[in-house]
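Student: I would like to discuss the strands of this model. Could we begin with how pairing is decided?
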There are 2 protein chains.
Amino acid sequence: MTDPVADVRLLPVTGLPEVRPGDDLGRLVVEALERAGTPLVDGDVVVVTSKVVSKAEGLIASTDAIDRSELVLRESHRVVSERSTDTGVTRVVASHAGPVMAGAGIDASNTGDAELLLLPHDPDASARWVHDKILAAVARPVRIGVVLSDTAGRPWRTGLVDLALGLSGIQALDDLRGRSDTEGRDLAVTVRCLADEIAAAADLVKGKVDRVPVAVVRGLGQVVVADGSTARSLVRAGVEDWFALGRAEAVRDALGVSPGSALSDNIGIESVRPEPLSRRVDRALQVALTGGDAVEAAHLAGDATVVRLRARSELQLGRAWARFEVALAGERLQSASSHEDGTVVVHISEG
Amino acid sequence: MTDPVADVRLLPVTGLPEVRPGDDLGRLVVEALERAGTPLVDGDVVVVTSKVVSKAEGLIASTDAIDRSELVLRESHRVVSERSTDTGVTRVVASHAGPVMAGAGIDASNTGDAELLLLPHDPDASARWVHDKILAAVARPVRIGVVLSDTAGRPWRTGLVDLALGLSGIQALDDLRGRSDTEGRDLAVTVRCLADEIAAAADLVKGKVDRVPVAVVRGLGQVVVADGSTARSLVRAGVEDWFALGRAEAVRDALGVSPGSALSDNIGIESVRPEPLSRRVDRALQVALTGGDAVEAAHLAGDATVVRLRARSELQLGRAWARFEVALAGERLQSASSHEDGTVVVHISEG
């Protein structure tokens, strides 16, 4: 009945110098660990903040040459959600690096003022590179794994946690399907994401402010298995991704206004701050009328909550009316309408 | 330049008996730790799997009395996403316990066959209860924190990780905004979710199969602060929640078909398995025609990819046409249409 699992230790790797392009990260880590009297042992997982890997790889963009917002689009292949803020537009994107992250994981802090740090486009390859460099620096046989970590937000929870951006030499998922629980029944769907839990654990001893970009997770030897796992395979895609667009974006996209497009920018993007009802109504109206139909829309008596739609063709009026209702629902607004020949009047209220 | 952060240890608490309703979980944990020669010390965070708390609190539902799917709806206040599977409908819901989780976190494994374990409705109160019971059993002054953990999926990543369902006596978020980085610049938005990282770390030594439902995270003393943090406050709500509905659900909802409703059930729910185009087209058509308009729809020449819409009123036809286009986009299908008096023909293709 007692469990074979033993203690796990999270060791911060302190005393690393500022990493610069071309640095041998493996040697720096191994030397720091040896100076601290905790050389690597079999079963260690070395968790390295992607930021120092980006620095060593020289993945730096100058803000003189490109705007941050353009860079976010360049470093991603799909916009998932977007909100306007006081300083621009924040976009959650499917990054070239793999994960869905705000701002494509582009990082400004801790680097020069006019410089932005980009994520490696193949973080699993970068993890293998770090792994190889560490083994070369250790210069004795040692069975270790490497996780490249990055910090990301989560849709439904406040605060950031670290996740596995890249990995080498570890088992990413612990698949308990098929095994039985203590009373002999099958465990239904229990696939644990070890790689992300390791990254999150290591973050507890890595410093965001103090310079501790590397930690060693010691005592998880069973995880250090070269089973071909990659961090990229942890990213849900296609039909597996039930949240490929945010709530508002899904509705706008279905009406022909894709997030990240010039059209979306022109129409205007929901703000992170409270907005007047009139702005939300007008945005819904613009989204609705991208249908291309010749429909005339006006606020009745200057009232933001009453919109009159008019068209020569009843077919066009019907289309615009239905699209406006859908767009209003996308703005979390309710509507009630009345219709007379050639005219629809829509009354709008908060949901 | 060296960092003050010291090692952190993850200690599995082994040798706990099967927990039963009414058990004093605090005493069981303290005794197990003392037997193992690792009594609690100042700064420890005790991470307890919610399952054993549910058992101790007797939060058990009989599957004789209620269907699991009804139970999921009863234990939640909003359906976020839903998919049909071979065995029923899987729903991601905003649970009464707080987090957004598949199946409201209801758990079958490790309990009797006809029994389901429910999550506490006030997990922060349950965490305080465990905290109090531990302090009473220790019977000496010790400054500890408690995290109630549960296992949840994530929208964009494969595999489950543990998160903080409830907490007591710890700082949930590490707010680095306002502090400066090593080069004196302000760190933009770096609020780390310590509570979730602690839960994830503890899961590395807790067993899903072997009976280790409790772990101690030792060495994070600075986190053990009674600052009034709750796990419930970690759940994003309202305008902060950009992913209040899945992509497909957002579109259906905007057309008047809410996930979790009888209407959604009747129309049919997207499957986790590949589906024939005809099924997706018919579902979109049904969603479109819930608008209530008297519209006649038919497949032209039995071709699933061509739908003819007819109505006496051009206004109704326009509405149904626009709604059908939106519903098709919600099914990730593209459409091109032609219109003649009283008739619209829609040609549908994969996106």
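Tutor: Two strands count as a pair if DSSP finds at least two bridges between them. Please note that this is a predicted model.

Student: How many bridges join strand S5 of chain A to S6(A)?
Tutor: Three bridges join S5(A), residues 88-95, to S6(A), and the two strands run antiparallel. Within this pairing, A:Val92 has A:Ala102 in S6(A) as its bridge partner.

Student: What is the strand order in that sheet?
Tutor: The order is S4-S5-S6 in chain A, an open sheet of three strands with antiparallel pairing. S4 (76-85) and S6 (100-102) of chain A are the edge strands, each pairing on one side only. On average, neighbouring strands of this sheet are turned by 20° against each other, direction ignored.

Student: Turning to chain B, which strands pair with S2(B)?
Tutor: One partner is S8(B), residues 145-154, which pairs with S2(B) in the parallel sense over five bridges. Another is S12(B), residues 214-218, joined to S2(B) by four bridges and running antiparallel.

Student: Are the faces of S2(B) covered or uncovered?
Tutor: Both faces are covered. B:Val45, B:Val47 and B:Thr49 lie on one side, B:Val46 and B:Val48 on the other, and all are buried. In a regular strand, side chains alternate between the two faces of the sheet.

Student: Why is S2(B) described as largely enclosed?
Tutor: Five of the five residues of S2(B), residues 45-49, are buried, so the strand is largely enclosed by the rest of the structure. Buried here means under 20% relative accessible area.

Technical notes
Residues numbered from 1 in each chain as written. Chains lettered and ligands numbered in written order. Predicted model: local features only at pLDDT ≥ 70, side-chain atom pairs only at ≥ 80, totals over all residues. Heavy atoms only, no water. Buried < 20%, exposed > 50% of the residue type's maximum accessible area, 1.4 Å probe, protein only. Axes fitted to C-alpha atoms, helices over the stretch in contact; angles between N-to-C directions.
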